[in-house]
Amino acid sequence: MGFSAGGAVTMGVAYNYTEKDRPNFIVPVYAWTSAYPVQEAPENAPEMLIICASDDPLGLAPGSIEIYNSWMKAGHTPELHMYAKGGHGFGMKEQGLPSDNWIERFYDWSVSQGITTTSK
């Protein structure tokens, strides 16, 4: 999981792993795709959840959509949560917006992927 420039690092890992060090999943959060441009998704790509806000002042929303589309084009099933508002760097900051709850969506996704188990 990486945020902004860390999201670019996350995507670098997703594009350059070997079978020995393949991540189980990746979560680029408002990934800085102009720093590390979107590429074709690997054949054995890890599961992916993408988080961003449409109103990101750095203009990162289109890159998040491009990442999503590249995974879809390769036959993978990424999940994308694009919030209308949240700006850049919303992380765990409370703003009274739906983006405040992205971490719950991460949890829901991780359970649905079998990455996390529930205590129920």
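What follows is a working chat about a predicted model of one protein chain.

Colleague: I'm new to this one, so how many helices and strands does the protein chain have?

Modeller: This is a predicted model, and its protein chain has three helices and five strands, which run β-α-β-β-β-α-β-α when the elements are read from the N terminus on. With a radius of gyration of 14 Å, close to the 14 Å that the globule rule gives for 120 residues, the chain is as compact as a globular protein of that length.

Colleague: What size of box do the C-alpha atoms fill?

Modeller: Taken along the principal axes, the box is roughly 40 × 40 × 20 Å. Buried residues make up 42% of the 120 residues, and the chain exposes about 6,600 Å², of which carbon and sulfur atoms supply 53%.

Colleague: And what share of the contacts comes from residues 24 or more positions apart?

Modeller: Among the contacts with a separation of 6 or more, residues 24 or more positions apart account for 60%.

Colleague: Let's look at the strands. In which sense do E4 and E5 pair?

Modeller: Strand E4, residues 47–53, and strand E5, residues 79–83, pair in the parallel sense over five bridges, and Cys 52 has Met 82 in E5 as its bridge partner. Together with helix H2, residues 61–73, these two strands make a right-handed β-α-β unit.

Colleague: On to the core, then: which residues of the largest nonpolar core touch the most other members?

Modeller: That core has 14 residues, and those touching the most other members are Val 27, Tyr 30, Leu 49, Ile 51, Phe 90, Trp 102 and Phe 106. E4 and helix H3, residues 102–112, each supply at least two residues of this core, and the largest share, four residues, comes from E4.

Colleague: What does Phe 106 touch?

Modeller: Not counting residues up to four places away in sequence, Phe 106 touches Met 1, Phe 25, Val 27 and Leu 49.

Colleague: Changing topic to the loops, where is Val 38 placed?

Modeller: Val 38 is in the loop between strand E3, residues 28–29, and E4, and this residue is buried, with a relative accessible area of 18%. Beyond its neighbours within four places in sequence, Val 38 is in contact with Tyr 15, Thr 33, Gly 63, Glu 66, Ile 67 and Ser 70. Although Val 38 and Glu 66 are 28 residues apart along the chain, their C-alpha atoms are separated by 6.8 Å.

Colleague: What about phi at Tyr 30?

Modeller: Phi of Tyr 30 is near 35 degrees, a positive value in a residue other than glycine. Most residues other than glycine have a negative phi. Tyr 30 lies in the loop between E3 and E4 and is buried, with a relative accessible area of 4%.

Colleague: And what is phi for Ser 4?

Modeller: Ser 4 has a positive phi of about 60 degrees although it is not a glycine. Ser 4 lies in the loop between strand E1, residues 2–3, and helix H1, residues 5–16, and at 16% relative accessibility Ser 4 counts as buried.

Methods
Residues are numbered from 1 along each chain as its sequence is written. This is a predicted model: local features need pLDDT of at least 70, side-chain atom pairs count only at pLDDT 80 or more; totals for chains, interfaces and linings use all residues. Side-chain values use heavy atoms; hydrogens and water are left out. Two strands pair if DSSP finds at least two bridges between them. A crossover is right-handed if, with the strands pointing away from the viewer, the path from the first strand over the helix to the second runs clockwise. The radius of gyration is taken over C-alpha atoms; the globule rule is 2.2 Å times the number of residues to the power 0.38. Buried means under 20% relative accessible area, exposed over 50%, partly exposed in between (1.4 Å probe, protein chains only). Contact means heavy atoms within 4.5 Å. Accessible areas come from the Shrake-Rupley method with a 1.4 Å probe; for residues, only the protein chains shown count as cover. A nonpolar core is a set of buried Ala, Val, Leu, Ile, Met, Phe, Trp, Tyr and Cys residues joined through side-chain atoms within 4.5 Å.
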